[in-house]
Amino acid sequence: MGVAGIKDWKQGIVKDEEIDKYLINGKDYIDDQSIFSVLKRQSDPDPAFIRDILQKSLSITTLNPDETAALLQVKDAELWQEINKTALEVKRKVYDNRIVFFAPLYCANHCVNNCAYCGFREANNLEVRRILTMEEVKQETISVLREGHKRLILVFGEHPSTDVDYMVDCIKAVYSVSDVAPKSGQPTNIRRVNINAAPMEMAKLKKLKEAGIGTYQVFQETYHRETFAKVHPSNTLKGNYRWRLYALHRAIEAGVDDVAIGALFGLYDWKFEVMGLLHHTLDLERHFGIGPHTISFPRMTPASGSWLSNNSDFNVSDENFKKLVAVLRLSVPTAGLIVTAREKAAIKQEVLQLGCTQTDASTRIGIGAYSDQKMEFNQDNKQFTIGDPRDLDAVIQEVGKLGYISSFCTAGYRCGRTGETIMGMLSHCIESKYCKLNAVLTYREYLNDYASPETKIIGEELIKKELEEIENSTYFQQKPHLLARFREDYGYIQGGKRDLYL
Ligand code: SAM
Ligand code: SF4
């Protein structure tokens, strides 16, 4: 497509009527002044108030802005220990002790935007541009399957040549692939495809839904308007703050059940961004009765040709990063929290113990880099830098040593446990029960199909403990049919059947 064609395409993207319908008295849900005031009002919170807030989180209720701000402003180290302990407790109540694994698949890096922090931005001449063909998408899928993954998130720049029809083709290509597991020869395939892509109009979102996406993920990057304008030039699509602010409202209305929010930490004050994520959650709850399926909090890492990514005044220290994870865990108890391979192994390990629920492993972000390792080491076709390049087996082994069971569960959306239904189950701590059963079933598959001998030893111990816990649980004893089906499925998996879920 020529320059004139791209210009026309850009002009047709934003539909103002698909923003305006969500405004209240012409206002959106981010009020900078009110965020600054609440942070000021709660600048020295009473420990008794903090303890009440912890109890509220434990009852699995979204916090209000004052409560979140108060947690963010705690200074006392001992109180932080209580906060961290409660964060993990909340996670266990809602999601049990499992960590879900996924892999990102970067399909294309053409982009019409100029985000100051991103290697894909249009003006970055250092970037080698590439769009995977469907054959290449399938090849990448096979490489990811060989690691043991079952869940993918497809990532795209924003460009007419990789618009929604290309995305739909990619989704179909991924779902069409089947392979066999290396250790057992059992069949395997990707069971859930999520998408991280630019904001879209409802008609396009409906196409994604029809193609079978799981979660649609859009990060606001920064909720602070002035910073948003600084890092996203106004003559670009991404420069439209409100089009992005309501991307996930449109998605829910278009029928996408699970939506994922996030902020890129390091662009502006981290406390402000946490408040922005909370307001985003509250506005989704206000309009649709459900909050985000997951929240992401990537920290900016160096990107090719990006001065800002190496020189921000707002970089978040490890200490503050841990605080923001704990506060998010407590503020939105029902949301999954995703820590990505942008983080180094050591800090990732720490925040997994503060209530994160999902992470990626064996991650490659070069276009085509799962099939061709060279693409990963070529700095010129990557969006940013990753901190934890370990393969899936190594990470599963590590989380196993910490006592966490690794899950590839994709049962939720296939059993209709999405959107409003799953939010209800999460807040009543029922989903955690299914999480546990499905985590054990998919962990069993992983141990039989992919695990290294060292990982298997750790995994067998852990799974034995989990099975005992399930058998002794009063909840499952009161649900004999569920327990019987679980036992049966577990036996079938041991006998060679795959993809059984409850
Ligand atoms: N083009 C789509 C968009 O902008 O929404 C897809 C997103 S981009 C390929 C995925 C995410 O990577 C962005 O939303 C941003 O938060 C994150 N990202 C961009 N540059 C980054 C950097 N230097 N370090 C860490 N994360 C970065
Ligand atoms: Fe393009 Fe997204 Fe990168 Fe911005 S963050 S330059 S929109 S790929």
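## Ligand shell, pocket and a helix pair

Ligand 2 is surrounded by 10 residues, the closest being C111, N113, C115, C118 and K238. A residue counts here if one of its heavy atoms lies within 4 Å. This is a predicted model, where local features need pLDDT of at least 70 and side-chain atom pairs pLDDT 80 or more. Residues are numbered from 1 along each chain.

The second largest pocket holds about 230 Å³ of space. Among its 13 lining residues, R299, T301, R342, E343 and K344 are closest to the centre. A pocket is an open set of points on a 1 Å grid where a 1.4 Å probe fits, with protein on both sides within 12 Å along at least five of seven lines; lining residues have an atom within 4 Å of a point. The volume is the space filled by probe spheres set on the points.

Helices α20 (residues 431-449) and α21 (residues 453-472) pack at about 155°, axes 10 Å apart. The pair is therefore roughly antiparallel, a term for angles over 145 degrees.

Terms used
Chains are lettered from A and ligands numbered from 1 in the order in which they are written. Side-chain values use heavy atoms; hydrogens and water are left out. Axes are lines fitted to C-alpha atoms, for helices over the stretch in contact, and angles run from 0 to 180 degrees between N-to-C directions. Helices (H or I, at least four residues) and strands (E, at least two) are DSSP runs, numbered from the N terminus. Angles under 35 degrees count as roughly parallel, over 145 as roughly antiparallel, 65 to 115 as roughly perpendicular and the rest as oblique.
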